[in-house]
Amino acid sequence: RKASGTTGGFKAGTYLPPPHSTTKPGFPVPMDTDNPGVRKAARFGVYQYNNSSNDLFLFKEWQINKAMVQIVRGLKYMLHVEIGRTVCEKREHSSLDSCHFQRKKKLQQMLKCYFEVWIVPWLQKAHVPVALCH
């Protein structure tokens, strides 16, 4: 099931609620999966997965299926992401953008992941407390 651009009429690209909004800090709201912040957070999740996996190859995000964001001293993203094995080997330290997905049937692998990525923009810090893939 492909996620559509917006979620129930909520324009998800703007995560900061206007002053008159009823959205309280700390309440998770749905985000557009194409949102640049969401995509960046997903990449952080992938970095975390790659750092902790013992796979020979790097994985990268294939599709973001669902995204929520919560305002807590920064932005906490909760993401459901499918990731796929690329042709880039870990020891090459490649840029993921230039890594293509595996074409060889035997080497192809897709995983479903749940990432929690906490980004504190003013400290330029990103922390990934949760990266679960299966």
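Tutor: Before we start, a residue is called buried under 20% relative accessible area, exposed over 50%, and partly exposed in between, with a 1.4 Å probe and protein chains only. The structure is a predicted model, in which local features need pLDDT of at least 70 and side-chain atom pairs count only at pLDDT 80 or more, while totals for chains, interfaces and linings use all residues. Residues are numbered from 1 along each chain as its sequence is written, and side-chain values use heavy atoms, with hydrogens and water left out.

Student: How many disulfides does a search of the whole structure find?

Tutor: A disulfide is a covalent bond between the sulfur atoms of two cysteines. Here the term is applied to a pair of cysteine sulfur atoms within 2.5 Å. With that cut-off, a search of the whole structure gives a count of two.

Student: What is the handedness of the disulfide of C88 and C99?

Tutor: C88 and C99 are joined with their sulfur atoms 2.1 Å apart, and both cysteines are buried. The torsion about their S-S bond is about -110°, so the disulfide is left-handed.

Student: Where do C113 and C133 lie, and how many residues apart in sequence are the parts that they tie together?

Tutor: The sulfur atoms of C113 and C133 are 2.1 Å apart, and the two form a disulfide. Strands are DSSP runs of E with at least two residues, numbered from the N terminus. C113 lies in strand β4 and C133 in strand β5 (residues 125-133), so the parts tied together are apart in sequence by 20 residues.

Student: In which sense do β2 and β3 pair, and over how many bridges?

Tutor: Two strands pair if DSSP finds at least two bridges between them. Among the bridges here, Q63 has E82 in β3 as its partner. The sense of the pairing of β2 and β3 is antiparallel, and the number of bridges is twelve.

Student: Which residue in the turn between β2 and β3 has a positive phi?

Tutor: β2 and β3 form a hairpin, with three residues between the strands. The phi in question is about 40°, and the residue in the turn that has it is R73.

Technical notes:
Helices (H or I, at least four residues) and strands (E, at least two) are DSSP runs, numbered from the N terminus.
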